Amino acid sequence: MNNKNQSPSSFRKGSHFGKLVHLVKTSIRIQLIMAFAFCTLVSLLVGFATSPFFVSEDRRLDFTEGVVTIEESARDLVKQFNQMNQDINELVRELGDQDPDFKSQFLQPAPPSVKEENDWLIVPYNGKAFYQITKNELIQYLINTPKQQNNLKVLVTDLDGKVVYKSAGAHDTQVNLSEEMKSAKKTLGEKVHDEQPIITRMYPITNAGGKGYLIVSGVPKATSVYEKETGVTPYLLGLIAFILCYYFITKRKMREIEEIALGLTEIAKGNLRYRIREKSQDEVGSLATNINYMAFELTEMMERQRHTEKLKDELITNVSHDLRTPLTSIMGYMRLVKDHQYKNQAQLDEYVDIAYGKSEQLKNLIENLFDFTRLTYEGNQLKREKVSLNQMLRQLMDELDPIAKDHDVMFSSNLPKEPILMEIDPNQMVRALENVLTNAIKYSTPPGKIHVHLVQNEHSVQISVSNPCDSLSEEEVARLFDRFYRVDPSRSSNKSGAGLGLAITKSIIELHQGTLRVEYKNQVIQIFIELP
(Lines give C-alpha, C1' and ligand atoms only; values in the text may rest on other atoms or scores of the structure.)
Protein backbone atom coordinates (compact mmCIF):
# COMPACT_ATOMS: atom_id res chain seq x y z
CA MET A 1 0.00 0.00 0.00
CA ASN A 2 2.81 2.41 0.84
CA ASN A 3 4.48 1.84 -2.50
CA LYS A 4 1.24 2.54 -4.35
CA ASN A 5 0.74 5.82 -2.53
CA GLN A 6 4.16 7.18 -3.49
CA SER A 7 3.98 9.90 -6.11
CA PRO A 8 6.07 9.93 -9.31
CA SER A 9 7.82 13.07 -8.07
CA SER A 10 9.12 11.17 -5.02
CA PHE A 11 10.62 8.54 -7.32
CA ARG A 12 12.23 11.26 -9.40
CA LYS A 13 13.67 12.90 -6.30
CA GLY A 14 14.98 9.56 -5.06
CA SER A 15 16.49 8.88 -8.46
CA HIS A 16 18.20 12.28 -8.53
CA PHE A 17 19.50 11.75 -5.01
CA GLY A 18 20.77 8.29 -5.94
CA LYS A 19 22.52 9.70 -9.00
CA LEU A 20 24.12 12.40 -6.85
CA VAL A 21 25.34 9.83 -4.30
CA HIS A 22 26.70 7.65 -7.10
CA LEU A 23 28.45 10.66 -8.64
CA VAL A 24 30.11 11.50 -5.32
CA LYS A 25 31.18 7.88 -4.78
CA THR A 26 32.71 7.56 -8.25
CA SER A 27 34.56 10.90 -8.47
CA ILE A 28 37.53 11.60 -6.20
CA ARG A 29 37.57 15.18 -7.52
CA ILE A 30 34.07 15.83 -6.11
CA GLN A 31 35.05 14.10 -2.86
CA LEU A 32 38.08 16.39 -2.47
CA ILE A 33 36.00 19.48 -3.27
CA MET A 34 33.37 18.48 -0.69
CA ALA A 35 36.08 17.67 1.88
CA PHE A 36 37.70 21.05 1.25
CA ALA A 37 34.35 22.85 1.55
CA PHE A 38 33.46 20.99 4.76
CA CYS A 39 36.86 21.71 6.35
CA THR A 40 36.59 25.37 5.34
CA LEU A 41 33.17 25.57 7.00
CA VAL A 42 34.53 23.95 10.17
CA SER A 43 37.49 26.36 10.26
CA LEU A 44 35.16 29.36 9.84
CA LEU A 45 32.90 28.13 12.64
CA VAL A 46 35.92 27.64 14.92
CA GLY A 47 37.18 31.13 14.06
CA PHE A 48 33.81 32.76 14.75
CA ALA A 49 33.29 30.78 17.95
CA THR A 50 36.69 31.72 19.41
CA SER A 51 36.84 35.35 18.22
CA PRO A 52 34.90 36.79 21.25
CA PHE A 53 37.60 35.43 23.56
CA PHE A 54 40.40 37.34 21.80
CA VAL A 55 38.81 40.81 21.30
CA SER A 56 40.79 44.02 22.04
CA GLU A 57 39.56 47.64 21.78
CA ASP A 58 41.54 50.30 19.88
CA ARG A 59 40.82 54.07 20.11
CA ARG A 60 40.93 56.00 16.86
CA LEU A 61 40.03 59.55 15.82
CA ASP A 62 37.56 60.02 13.01
CA PHE A 63 37.90 63.36 11.15
CA THR A 64 35.34 62.66 8.45
CA GLU A 65 32.65 64.92 9.83
CA GLY A 66 35.11 67.77 10.46
CA VAL A 67 36.47 67.58 6.91
CA VAL A 68 32.93 67.68 5.52
CA THR A 69 32.20 70.78 7.64
CA ILE A 70 35.30 72.59 6.29
CA GLU A 71 34.42 71.71 2.70
CA GLU A 72 30.81 72.88 3.16
CA SER A 73 31.97 76.17 4.68
CA ALA A 74 34.36 76.73 1.77
CA ARG A 75 31.67 75.99 -0.83
CA ASP A 76 29.22 78.30 0.95
CA LEU A 77 31.80 81.09 0.78
CA VAL A 78 32.30 80.48 -2.95
CA LYS A 79 28.54 80.70 -3.49
CA GLN A 80 28.33 83.92 -1.49
CA PHE A 81 31.18 85.50 -3.49
CA ASN A 82 29.45 84.49 -6.73
CA GLN A 83 26.15 85.88 -5.47
CA MET A 84 27.93 89.10 -4.45
CA ASN A 85 29.00 89.57 -8.08
CA GLN A 86 25.50 88.82 -9.38
CA ASP A 87 23.03 90.33 -6.87
CA ILE A 88 24.77 91.93 -3.91
CA ASN A 89 21.56 93.50 -2.53
CA GLU A 90 19.83 90.14 -2.26
CA LEU A 91 22.94 88.72 -0.53
CA VAL A 92 22.81 91.48 2.07
CA ARG A 93 19.13 90.90 2.78
CA GLU A 94 19.71 87.12 3.12
CA LEU A 95 22.56 87.69 5.55
CA GLY A 96 20.33 89.98 7.62
CA ASP A 97 17.57 87.41 7.71
CA GLN A 98 20.02 84.65 8.70
CA ASP A 99 22.08 86.56 11.32
CA PRO A 100 20.37 88.88 13.85
CA ASP A 101 23.77 90.40 14.73
CA PHE A 102 24.28 91.42 11.09
CA LYS A 103 20.82 93.00 11.00
CA SER A 104 21.30 94.92 14.24
CA GLN A 105 24.74 96.15 13.16
CA PHE A 106 24.03 97.30 9.61
CA LEU A 107 20.24 97.93 9.43
CA GLN A 108 19.30 101.61 9.85
CA PRO A 109 15.74 102.85 10.45
CA ALA A 110 16.12 106.04 8.34
CA PRO A 111 17.68 106.64 4.96
CA PRO A 112 21.41 107.27 5.45
CA SER A 113 23.29 110.26 4.22
CA VAL A 114 26.76 109.07 3.15
CA LYS A 115 29.45 110.17 0.82
CA GLU A 116 31.31 108.16 -1.75
CA GLU A 117 28.36 106.20 -3.00
CA ASN A 118 30.66 103.73 -4.77
CA ASP A 119 32.06 102.38 -1.48
CA TRP A 120 28.82 102.12 0.42
CA LEU A 121 25.93 99.81 -0.20
CA ILE A 122 22.42 101.16 0.50
CA VAL A 123 19.98 98.24 0.48
CA PRO A 124 16.30 99.02 1.27
CA TYR A 125 14.55 96.64 3.62
CA ASN A 126 10.72 96.49 3.82
CA GLY A 127 10.48 100.04 2.41
CA LYS A 128 11.14 101.59 5.83
CA ALA A 129 14.70 100.67 6.79
CA PHE A 130 17.96 100.37 4.91
CA TYR A 131 21.11 98.31 5.22
CA GLN A 132 24.20 100.51 5.18
CA ILE A 133 27.49 98.62 4.66
CA THR A 134 30.64 98.89 2.59
CA LYS A 135 31.87 96.11 0.26
CA ASN A 136 34.97 95.66 2.37
CA GLU A 137 32.86 95.24 5.48
CA LEU A 138 30.66 92.74 3.66
CA ILE A 139 33.64 90.70 2.48
CA GLN A 140 35.24 90.82 5.90
CA TYR A 141 31.99 89.66 7.47
CA LEU A 142 31.76 86.76 5.03
CA ILE A 143 35.29 85.48 5.69
CA ASN A 144 35.01 85.99 9.48
CA THR A 145 31.82 83.93 9.77
CA PRO A 146 33.57 80.52 9.25
CA LYS A 147 36.26 81.69 11.70
CA GLN A 148 33.69 82.29 14.37
CA GLN A 149 31.69 79.12 13.67
CA ASN A 150 34.39 76.52 12.92
CA ASN A 151 37.67 78.26 13.83
CA LEU A 152 38.82 78.35 10.19
CA LYS A 153 41.39 80.57 8.54
CA VAL A 154 40.10 82.22 5.38
CA LEU A 155 42.30 84.10 2.89
CA VAL A 156 41.39 85.91 -0.30
CA THR A 157 44.37 86.43 -2.60
CA ASP A 158 44.99 87.82 -6.03
CA LEU A 159 46.52 85.76 -8.82
CA ASP A 160 50.05 86.41 -7.52
CA GLY A 161 49.34 85.08 -4.02
CA LYS A 162 49.09 88.48 -2.32
CA VAL A 163 46.57 88.38 0.52
CA VAL A 164 43.76 90.86 -0.17
CA TYR A 165 41.42 89.81 2.63
CA LYS A 166 41.97 87.59 5.64
CA SER A 167 39.92 86.38 8.56
CA ALA A 168 40.48 87.56 12.09
CA GLY A 169 43.65 86.18 13.62
CA ALA A 170 45.34 85.49 10.28
CA HIS A 171 48.67 87.24 9.74
CA ASP A 172 49.56 86.09 6.22
CA THR A 173 50.32 88.77 3.66
CA GLN A 174 51.68 86.55 0.89
CA VAL A 175 51.09 82.85 0.17
CA ASN A 176 52.71 80.33 -2.16
CA LEU A 177 49.87 79.36 -4.46
CA SER A 178 51.58 76.22 -5.79
CA GLU A 179 52.11 74.87 -2.26
CA GLU A 180 48.53 75.72 -1.34
CA MET A 181 47.31 73.84 -4.43
CA LYS A 182 49.32 70.77 -3.40
CA SER A 183 47.84 70.96 0.10
CA ALA A 184 44.33 71.31 -1.32
CA LYS A 185 44.80 68.15 -3.44
CA LYS A 186 45.82 66.01 -0.49
CA THR A 187 43.23 63.64 0.95
CA LEU A 188 42.93 62.86 4.61
CA GLY A 189 43.74 59.30 5.54
CA GLU A 190 42.84 57.62 8.77
CA LYS A 191 44.71 59.28 11.63
CA VAL A 192 45.46 57.43 14.79
CA HIS A 193 45.02 58.72 18.35
CA ASP A 194 45.74 62.45 18.88
CA GLU A 195 47.41 63.48 15.62
CA GLN A 196 45.75 66.71 14.38
CA PRO A 197 45.66 67.20 10.58
CA ILE A 198 45.23 70.52 8.78
CA ILE A 199 42.78 70.60 5.90
CA THR A 200 43.14 73.13 3.08
CA ARG A 201 40.67 73.85 0.28
CA MET A 202 41.30 76.30 -2.55
CA TYR A 203 38.80 77.75 -5.08
CA PRO A 204 39.08 80.42 -7.82
CA ILE A 205 36.75 83.41 -7.27
CA THR A 206 36.00 86.84 -8.73
CA ASN A 207 35.59 89.90 -6.53
CA ALA A 208 35.54 93.63 -7.03
CA GLY A 209 39.31 93.72 -7.25
CA GLY A 210 39.42 91.12 -10.05
CA LYS A 211 40.14 87.41 -10.13
CA GLY A 212 41.77 85.64 -7.23
CA TYR A 213 41.65 82.60 -4.96
CA LEU A 214 39.70 81.69 -1.85
CA ILE A 215 41.80 79.61 0.56
CA VAL A 216 40.09 77.97 3.54
CA SER A 217 42.13 75.95 6.05
CA GLY A 218 41.67 74.61 9.52
CA VAL A 219 41.84 71.63 11.84
CA PRO A 220 38.76 69.39 11.46
CA LYS A 221 36.88 68.35 14.52
CA ALA A 222 37.48 64.75 15.53
CA THR A 223 35.29 62.15 17.17
CA SER A 224 36.71 59.27 19.17
CA VAL A 225 35.97 55.84 17.72
CA TYR A 226 36.62 52.63 19.60
CA GLU A 227 37.17 49.62 17.33
CA LYS A 228 37.17 46.01 18.40
CA GLU A 229 39.94 43.87 16.93
CA THR A 230 40.16 40.13 17.32
CA GLY A 231 43.80 39.68 16.34
CA VAL A 232 45.25 36.68 14.50
CA THR A 233 44.60 34.00 17.16
CA PRO A 234 41.10 32.99 15.88
CA TYR A 235 42.49 32.74 12.36
CA LEU A 236 45.30 30.50 13.54
CA LEU A 237 42.81 28.30 15.40
CA GLY A 238 40.64 28.12 12.27
CA LEU A 239 43.68 27.12 10.19
CA ILE A 240 44.61 24.41 12.70
CA ALA A 241 41.01 23.14 12.67
CA PHE A 242 41.09 23.05 8.85
CA ILE A 243 44.35 21.06 8.77
CA LEU A 244 43.17 18.54 11.39
CA CYS A 245 39.76 18.11 9.78
CA TYR A 246 41.26 17.65 6.30
CA TYR A 247 43.81 15.19 7.68
CA PHE A 248 41.22 12.93 9.30
CA ILE A 249 38.85 13.09 6.32
CA THR A 250 41.57 12.16 3.79
CA LYS A 251 43.26 9.61 6.09
CA ARG A 252 41.17 6.70 4.77
CA LYS A 253 41.83 7.65 1.15
CA MET A 254 45.57 8.01 1.79
CA ARG A 255 45.59 4.57 3.43
CA GLU A 256 43.93 3.17 0.31
CA ILE A 257 46.59 4.80 -1.89
CA GLU A 258 49.33 3.38 0.35
CA GLU A 259 47.83 -0.11 -0.04
CA ILE A 260 47.88 0.34 -3.81
CA ALA A 261 51.54 1.37 -3.65
CA LEU A 262 52.29 -1.69 -1.49
CA GLY A 263 50.43 -3.92 -3.93
CA LEU A 264 52.40 -2.50 -6.87
CA THR A 265 55.62 -3.25 -4.98
CA GLU A 266 54.52 -6.86 -4.41
CA ILE A 267 53.54 -7.29 -8.06
CA ALA A 268 56.84 -5.73 -9.19
CA LYS A 269 58.65 -8.33 -7.09
CA GLY A 270 56.97 -11.06 -9.15
CA ASN A 271 54.08 -11.98 -6.86
CA LEU A 272 51.44 -11.83 -9.60
CA ARG A 273 48.86 -13.59 -7.42
CA TYR A 274 48.76 -10.64 -5.00
CA ARG A 275 45.47 -8.71 -5.17
CA ILE A 276 44.75 -5.22 -3.88
CA ARG A 277 41.56 -4.71 -1.89
CA GLU A 278 39.08 -2.58 -3.83
CA LYS A 279 37.56 -0.25 -1.23
CA SER A 280 35.92 2.47 -3.33
CA GLN A 281 34.20 3.12 -6.63
CA ASP A 282 36.10 6.30 -7.56
CA GLU A 283 39.26 6.74 -9.63
CA VAL A 284 41.45 5.28 -6.86
CA GLY A 285 39.23 2.20 -6.66
CA SER A 286 39.30 1.99 -10.46
CA LEU A 287 43.10 2.14 -10.29
CA ALA A 288 43.14 -0.80 -7.86
CA THR A 289 40.76 -2.71 -10.15
CA ASN A 290 42.96 -2.05 -13.18
CA ILE A 291 46.10 -3.11 -11.29
CA ASN A 292 44.41 -6.35 -10.25
CA TYR A 293 43.30 -6.87 -13.84
CA MET A 294 46.83 -6.17 -15.04
CA ALA A 295 48.21 -8.77 -12.60
CA PHE A 296 45.58 -11.26 -13.77
CA GLU A 297 46.42 -10.59 -17.43
CA LEU A 298 50.14 -10.97 -16.72
CA THR A 299 49.43 -14.29 -15.01
CA GLU A 300 47.32 -15.42 -17.96
CA MET A 301 49.97 -14.23 -20.41
CA MET A 302 52.64 -16.23 -18.60
CA GLU A 303 50.35 -19.25 -18.61
CA ARG A 304 49.83 -18.80 -22.34
CA GLN A 305 53.57 -18.46 -22.84
CA ARG A 306 54.13 -21.70 -20.93
CA HIS A 307 51.41 -23.34 -22.99
CA THR A 308 52.99 -21.99 -26.18
CA GLU A 309 56.36 -23.37 -25.12
CA LYS A 310 54.70 -26.73 -24.48
CA LEU A 311 53.06 -26.63 -27.91
CA LYS A 312 56.37 -25.70 -29.50
CA ASP A 313 58.03 -28.69 -27.86
CA GLU A 314 55.19 -30.91 -29.03
CA LEU A 315 55.47 -29.41 -32.50
CA ILE A 316 59.18 -30.19 -32.72
CA THR A 317 58.56 -33.72 -31.45
CA ASN A 318 55.66 -34.34 -33.84
CA VAL A 319 57.45 -32.89 -36.86
CA SER A 320 60.52 -34.97 -36.07
CA HIS A 321 58.39 -38.12 -35.72
CA ASP A 322 56.36 -37.51 -38.88
CA LEU A 323 59.44 -36.70 -40.93
CA ARG A 324 61.56 -39.48 -39.47
CA THR A 325 59.04 -42.30 -40.02
CA PRO A 326 58.84 -42.11 -43.85
CA LEU A 327 62.49 -41.14 -44.08
CA THR A 328 63.50 -44.22 -42.07
CA SER A 329 61.42 -46.44 -44.35
CA ILE A 330 62.95 -44.85 -47.47
CA MET A 331 66.48 -45.32 -46.12
CA GLY A 332 65.73 -48.92 -45.12
CA TYR A 333 64.39 -50.00 -48.51
CA MET A 334 67.11 -48.07 -50.34
CA ARG A 335 69.73 -49.93 -48.28
CA LEU A 336 68.14 -53.25 -49.27
CA VAL A 337 68.32 -52.19 -52.88
CA LYS A 338 71.92 -50.99 -52.51
CA ASP A 339 73.01 -54.24 -50.84
CA HIS A 340 71.13 -56.25 -53.50
CA GLN A 341 69.06 -57.96 -50.82
CA TYR A 342 66.19 -58.89 -53.11
CA LYS A 343 65.43 -62.21 -54.78
CA ASN A 344 64.11 -61.08 -58.10
CA GLN A 345 62.98 -58.11 -60.14
CA ALA A 346 59.48 -58.20 -58.71
CA GLN A 347 60.79 -57.82 -55.19
CA LEU A 348 63.08 -54.98 -56.33
CA ASP A 349 60.13 -53.18 -57.90
CA GLU A 350 58.16 -53.66 -54.67
CA TYR A 351 60.97 -52.06 -52.63
CA VAL A 352 61.23 -49.15 -55.03
CA ASP A 353 57.45 -48.62 -55.01
CA ILE A 354 57.35 -48.59 -51.19
CA ALA A 355 60.26 -46.13 -51.02
CA TYR A 356 58.63 -43.94 -53.67
CA GLY A 357 55.32 -43.97 -51.76
CA LYS A 358 57.08 -42.95 -48.56
CA SER A 359 58.88 -40.17 -50.41
CA GLU A 360 55.50 -38.94 -51.73
CA GLN A 361 54.19 -38.98 -48.17
CA LEU A 362 57.24 -37.02 -47.05
CA LYS A 363 56.77 -34.54 -49.91
CA ASN A 364 53.08 -34.00 -49.01
CA LEU A 365 53.99 -33.42 -45.39
CA ILE A 366 56.59 -30.80 -46.32
CA GLU A 367 54.17 -29.14 -48.76
CA ASN A 368 51.44 -29.01 -46.11
CA LEU A 369 53.85 -27.48 -43.66
CA PHE A 370 54.93 -24.92 -46.27
CA ASP A 371 51.29 -24.11 -47.15
CA PHE A 372 50.37 -23.68 -43.48
CA THR A 373 53.27 -21.27 -42.98
CA ARG A 374 52.36 -19.33 -46.12
CA LEU A 375 48.68 -19.07 -45.16
CA THR A 376 49.42 -17.76 -41.69
CA TYR A 377 51.68 -15.06 -43.16
CA GLU A 378 49.79 -11.74 -43.06
CA GLY A 379 50.98 -10.69 -46.50
CA ASN A 380 49.24 -13.61 -48.25
CA GLN A 381 46.68 -12.35 -50.78
CA LEU A 382 43.52 -14.19 -51.86
CA LYS A 383 42.51 -14.42 -55.51
CA ARG A 384 38.80 -13.89 -55.10
CA GLU A 385 36.24 -14.97 -57.66
CA LYS A 386 32.46 -15.22 -57.60
CA VAL A 387 31.59 -18.93 -57.36
CA SER A 388 28.62 -21.01 -56.24
CA LEU A 389 29.40 -22.36 -52.79
CA ASN A 390 26.68 -25.05 -52.78
CA GLN A 391 27.79 -26.31 -56.18
CA MET A 392 31.38 -26.51 -54.87
CA LEU A 393 30.22 -28.65 -51.94
CA ARG A 394 28.22 -30.99 -54.24
CA GLN A 395 31.23 -31.50 -56.49
CA LEU A 396 33.55 -32.22 -53.54
CA MET A 397 31.14 -34.77 -52.05
CA ASP A 398 30.85 -36.50 -55.44
CA GLU A 399 34.65 -36.68 -55.73
CA LEU A 400 35.09 -37.99 -52.16
CA ASP A 401 32.18 -40.43 -52.31
CA PRO A 402 34.36 -43.42 -53.35
CA ILE A 403 36.73 -42.79 -50.45
CA ALA A 404 33.77 -42.50 -48.09
CA LYS A 405 32.40 -45.86 -49.30
CA ASP A 406 35.81 -47.43 -48.67
CA HIS A 407 35.49 -46.28 -45.03
CA ASP A 408 31.90 -47.57 -44.83
CA VAL A 409 30.39 -44.07 -44.48
CA MET A 410 28.13 -42.00 -46.74
CA PHE A 411 27.26 -38.35 -47.27
CA SER A 412 23.92 -36.78 -46.40
CA SER A 413 23.48 -33.20 -47.58
CA ASN A 414 20.98 -30.41 -47.16
CA LEU A 415 21.99 -27.74 -49.67
CA PRO A 416 19.85 -25.00 -51.25
CA LYS A 417 18.87 -25.61 -54.88
CA GLU A 418 19.46 -22.02 -55.98
CA PRO A 419 23.13 -20.99 -56.38
CA ILE A 420 24.71 -19.18 -53.43
CA LEU A 421 27.34 -16.95 -55.01
CA MET A 422 30.30 -15.92 -52.86
CA GLU A 423 33.43 -13.78 -53.44
CA ILE A 424 36.08 -16.31 -52.39
CA ASP A 425 39.39 -17.80 -53.49
CA PRO A 426 38.10 -21.04 -55.09
CA ASN A 427 41.37 -22.98 -54.86
CA GLN A 428 41.89 -22.18 -51.18
CA MET A 429 38.23 -22.75 -50.29
CA VAL A 430 38.21 -26.11 -52.08
CA ARG A 431 41.23 -27.13 -50.07
CA ALA A 432 39.65 -26.01 -46.78
CA LEU A 433 36.36 -27.83 -47.42
CA GLU A 434 38.18 -30.91 -48.72
CA ASN A 435 40.23 -31.05 -45.50
CA VAL A 436 37.05 -30.90 -43.40
CA LEU A 437 35.25 -33.58 -45.43
CA THR A 438 38.34 -35.83 -45.61
CA ASN A 439 38.84 -35.51 -41.86
CA ALA A 440 35.19 -36.46 -41.31
CA ILE A 441 35.63 -39.56 -43.51
CA LYS A 442 38.78 -40.67 -41.67
CA TYR A 443 37.41 -40.33 -38.18
CA SER A 444 33.76 -41.35 -38.67
CA THR A 445 32.66 -44.43 -36.80
CA PRO A 446 31.57 -46.97 -39.47
CA PRO A 447 28.95 -47.50 -40.57
CA GLY A 448 27.83 -43.91 -40.35
CA LYS A 449 26.66 -40.78 -42.13
CA ILE A 450 28.36 -37.45 -42.69
CA HIS A 451 25.74 -34.70 -42.64
CA VAL A 452 26.56 -31.56 -44.64
CA HIS A 453 24.29 -28.50 -44.27
CA LEU A 454 24.49 -25.04 -45.82
CA VAL A 455 22.34 -22.17 -44.52
CA GLN A 456 22.27 -18.63 -45.91
CA ASN A 457 21.58 -15.88 -43.34
CA GLU A 458 21.14 -12.14 -43.81
CA HIS A 459 24.83 -11.30 -43.49
CA SER A 460 26.61 -14.66 -43.68
CA VAL A 461 26.63 -18.24 -44.92
CA GLN A 462 27.06 -21.14 -42.48
CA ILE A 463 28.35 -24.58 -43.39
CA SER A 464 28.12 -27.42 -40.87
CA VAL A 465 29.70 -30.89 -41.20
CA SER A 466 28.82 -33.47 -38.56
CA ASN A 467 29.76 -37.13 -38.18
CA PRO A 468 29.80 -39.79 -35.43
CA CYS A 469 33.19 -40.50 -33.91
CA ASP A 470 34.88 -42.10 -30.95
CA SER A 471 34.78 -40.48 -27.52
CA LEU A 472 36.82 -37.27 -27.29
CA SER A 473 37.83 -35.27 -24.24
CA GLU A 474 37.28 -31.53 -23.97
CA GLU A 475 41.02 -30.93 -24.41
CA GLU A 476 41.11 -33.05 -27.57
CA VAL A 477 38.15 -31.14 -29.02
CA ALA A 478 39.73 -27.77 -28.14
CA ARG A 479 43.02 -28.74 -29.83
CA LEU A 480 41.63 -30.13 -33.08
CA PHE A 481 42.76 -27.04 -35.01
CA ASP A 482 46.28 -26.98 -33.52
CA ARG A 483 49.06 -27.64 -36.01
CA PHE A 484 50.54 -31.17 -35.95
CA TYR A 485 47.95 -32.27 -33.41
CA ARG A 486 46.43 -35.72 -33.80
CA VAL A 487 43.96 -37.43 -31.53
CA ASP A 488 46.24 -40.48 -31.46
CA PRO A 489 48.98 -39.38 -28.97
CA SER A 490 51.37 -42.11 -30.10
CA ARG A 491 50.87 -41.02 -33.73
CA SER A 492 50.86 -44.71 -34.61
CA SER A 493 47.30 -44.82 -35.94
CA ASN A 494 46.77 -46.21 -39.38
CA LYS A 495 44.88 -43.03 -40.23
CA SER A 496 47.37 -41.14 -42.38
CA GLY A 497 48.04 -37.43 -41.87
CA ALA A 498 50.28 -35.15 -39.91
CA GLY A 499 47.65 -33.04 -38.15
CA LEU A 500 47.92 -30.01 -40.46
CA GLY A 501 44.65 -30.34 -42.39
CA LEU A 502 42.31 -28.61 -39.95
CA ALA A 503 45.00 -26.05 -39.01
CA ILE A 504 45.31 -25.12 -42.71
CA THR A 505 41.50 -25.00 -42.97
CA LYS A 506 41.31 -22.59 -40.05
CA SER A 507 43.93 -20.30 -41.64
CA ILE A 508 42.04 -20.25 -44.97
CA ILE A 509 38.70 -19.47 -43.30
CA GLU A 510 40.26 -16.66 -41.24
CA LEU A 511 41.84 -15.20 -44.40
CA HIS A 512 38.26 -14.94 -45.72
CA GLN A 513 37.30 -13.07 -42.50
CA GLY A 514 35.27 -16.11 -41.42
CA THR A 515 35.10 -18.17 -38.25
CA LEU A 516 35.61 -21.87 -37.56
CA ARG A 517 34.36 -23.66 -34.46
CA VAL A 518 33.71 -27.22 -33.30
CA GLU A 519 31.11 -28.83 -31.03
CA TYR A 520 31.09 -32.36 -29.63
CA LYS A 521 28.03 -33.93 -28.06
CA ASN A 522 26.79 -37.50 -27.68
CA GLN A 523 29.75 -38.88 -29.68
CA VAL A 524 28.90 -36.63 -32.63
CA ILE A 525 31.40 -34.01 -33.70
CA GLN A 526 30.17 -31.00 -35.66
CA ILE A 527 32.33 -28.38 -37.38
CA PHE A 528 30.80 -24.98 -38.22
CA ILE A 529 32.21 -22.66 -40.89
CA GLU A 530 30.73 -19.16 -41.10
CA LEU A 531 31.67 -16.86 -43.99
CA PRO A 532 30.63 -13.20 -44.28
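## Aromatic residues

In this predicted model, Phe 102, Phe 106, Tyr 125, Tyr 131 and Tyr 141 come together as one aromatic cluster. The search of the whole structure returns eight aromatic pairs. One of them is formed by Phe 102 and Phe 106, whose ring centres lie 4.9 Å apart and whose planes meet at 50 degrees, so the pair is classed as tilted. Both residues belong to helix H6, which covers residues 100-106, and they are four residues apart, about one turn of the helix. Phe 102 counts as buried, at 1% relative accessibility, and Phe 106 also counts as buried, at 7%.

Phe 102 forms a further aromatic pair with Tyr 141, again tilted, with 4.9 Å from centre to centre and 50 degrees between the planes. Here Phe 102 is in helix H6 whereas Tyr 141 is in helix H7 (residues 135-150), so this pair ties together parts that are 39 residues apart in sequence. Tyr 141 is buried, with a relative accessible area of 17%, a value that falls under the 20% limit for a buried residue.

## Salt bridges

The structure holds ten salt bridges. Among them is the one between Arg 93 and Glu 90, in which the closest N and O atoms are 3.6 Å apart, a distance that meets the criterion of within 4 Å. Both partners lie in helix H5 (residues 88-98), where they are three residues apart, about one turn of the helix. Arg 93 is partly exposed, with a relative accessible area of 24%, and Glu 90 counts as partly exposed as well, at 30%.

Lys 279 and Glu 259 meet through their side chains in a salt bridge with an N to O distance of 2.8 Å. Lys 279 sits in the loop between helix H9 (233-268) and helix H10 (283-338), while Glu 259 is in helix H9, so the pair ties together parts that are 20 residues apart in sequence. The two partners fall into separate accessibility classes, since Lys 279 is partly exposed at a relative accessible area of 30%, whereas Glu 259 is buried at 19%.

## Arg 517 and its partners

Arg 517 takes part in a salt bridge with Glu 519, with the closest N and O atoms 2.7 Å apart. Glu 519 counts as partly exposed, at 39% relative accessibility, and Arg 517 is likewise partly exposed, with a relative accessible area of 39%. Arg 517 also lies over the face of Phe 528, at 4.2 Å from the ring centre, so that this arginine is placed both in a salt bridge and above an aromatic ring.

## Cysteines

Zero disulfides are found in a search of the whole structure. Cys 39 is in no disulfide, and the nearest cysteine sulfur, which belongs to Cys 245, is 3.2 Å away; a disulfide would need the two sulfur atoms within 2.5 Å. Cys 39 is buried, with a relative accessible area of 0%, and Cys 469 is buried too, at 7%.

The buried residues of H13 are Pro 426, Gln 428, Met 429, Ala 432, Leu 433, Asn 435, Val 436, Leu 437, Ala 440 and Ile 441.

A cis peptide bond joins Pro 446 and Pro 447, with omega at about -15 degrees. Pro 447 is located in the loop between H13 and strand E13 (448-456).

## Residues with positive phi

His 340 has a phi near 60 degrees, a positive value in a residue other than glycine. It is found in the loop between H10 and helix H11 (345-376), and His 340 is exposed, with a relative accessible area of 57%.

Gln 513 also shows a phi near 60 degrees, which is positive in a residue other than glycine. Gln 513 is placed in the loop between helix H15 (501-511) and strand E15 (515-521), and its relative accessible area of 56% makes it exposed.

How values were computed. Residues numbered from 1 in each chain as written. Predicted model: local features only at pLDDT ≥ 70, side-chain atom pairs only at ≥ 80, totals over all residues. Heavy atoms only, no water. Helix = DSSP H or I, 4+ residues; strand = E, 2+ residues; numbered from the N terminus. Buried < 20%, exposed > 50% of the residue type's maximum accessible area, 1.4 Å probe, protein only. Phe/Tyr/Trp six-rings, centres within 6.5 Å; stacked < 30°, edge-to-face > 60°. Lys NZ or Arg CZ within 6 Å of the ring centre and 35° of its normal.
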